Amino acid sequence: MAKKKVGRSPGYHAIPDGYSKIMQWCFKNSISIAVAPDWNRGPEWWVVEVRINKKTHTDPGSYLVEEAYKKMFNYYKYYYDKYNKISK
């Protein structure tokens, strides 16, 4: 008999107003950010992973799901502001 796969989902969270454009720009420029389970802590803890040009970096903090999503959107805004050379 096959083993049951173990996984976690943070659930659905709406994209804040104005962030669709920021996220699209990041995707087009090989920047993606995601919320992932923190397997070293309990099921309610999450980490934020930032992938830039095929290199993955994990935020050192561990967050509850709401804070993890806020942190993720803050990272999108940070990288958009840092690397977007086109004036708004």
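## Strand pairing around β2

W46 in this predicted model stands opposite Y63 in β4. That's one spot in the pairing of β2 with strand β4 (residues 63–64), which is antiparallel and covers two bridges; two strands are taken as paired if DSSP finds at least two bridges between them.

β2 and β3 make a hairpin with two residues between them, and N53 in the turn has a positive phi of about 50 degrees.

## Ground rules

Numbering starts from 1 along each chain as its sequence is written. As the model is predicted, local features need pLDDT of at least 70 and side-chain atom pairs count only at pLDDT 80 or more, while totals for chains, interfaces and linings use all residues; side-chain values use heavy atoms, with hydrogens and water left out.

## The chain as a whole

Two helices and four strands make up the list of elements in the protein chain, and along the sequence they follow the pattern α-β-β-β-β-α. Along the principal axes, the C-alpha atoms fill a box of roughly 55 × 25 × 25 Å.

Of the 88 residues, 33% count as buried; the cut-offs are under 20% relative accessible area for buried, over 50% for exposed, and partly exposed in between (1.4 Å probe, protein chains only). The accessible surface of the chain comes to about 6,600 Å², and carbon and sulfur atoms account for 54% of that. Those areas come from the Shrake-Rupley method with a 1.4 Å probe, and for residues only the protein chains shown count as cover. As for contacts (heavy atoms within 4.5 Å), take those between residues at least 6 apart in sequence: 49% of them join residues at least 24 apart.

## The nonpolar core

The largest nonpolar core has 21 residues, and the members that touch the most others are I31, I33, V48, M72, F73, Y76 and Y79. α1 (19–28), β1, β2 and α2 are the elements that give two or more residues to this core, with the largest share, eight residues, coming from α2. By the rule used here, such a core is a set of buried Ala, Val, Leu, Ile, Met, Phe, Trp, Tyr and Cys residues joined through side-chain atoms within 4.5 Å. In soluble globular proteins, nonpolar side chains tend to be buried together.

Leaving out neighbours within four places in sequence, Y79 is in contact with W25, I31, I33, V50, I52 and N84. N84 itself is found in the segment after α2 (65–83) and is also buried, because its relative accessible area is 13%. With residues up to four places away set aside, N84 touches W25 and Y79.

## Rings and a charge

Seven aromatic pairs turn up in the structure. One of them is Y79 with Y83: the ring centres are 6.2 Å apart and the planes sit at 5 degrees, so this pair is stacked. The rule covers rings of Phe, Tyr and Trp (its six-membered ring) with centres within 6.5 Å; planes under 30 degrees apart count as stacked, over 60 as edge-to-face and the rest as tilted. Both Y79 and Y83 lie in helix α2, four residues apart, about one turn of the helix. Y83 is partly exposed, at 37% relative accessible area. Y75, Y78, Y79 and Y83 form one aromatic cluster.

R8 brings a charge into the picture. Its charged end sits over the ring of W39, 4.5 Å from the ring centre, and R8 also lies over the face of W46, at 5.7 Å from the ring centre. To qualify, NZ of Lys or CZ of Arg must be within 6 Å of the ring centre and within 35 degrees of the ring normal.

## F27 in α1

F27 has its place in helix α1 and is partly exposed, with a relative accessible area of 46%. Not counting residues up to four places away in sequence, F27 touches S32 and Y76. F27 and P10 are 17 residues apart in sequence, and their C-alpha atoms are 21 Å apart in space.
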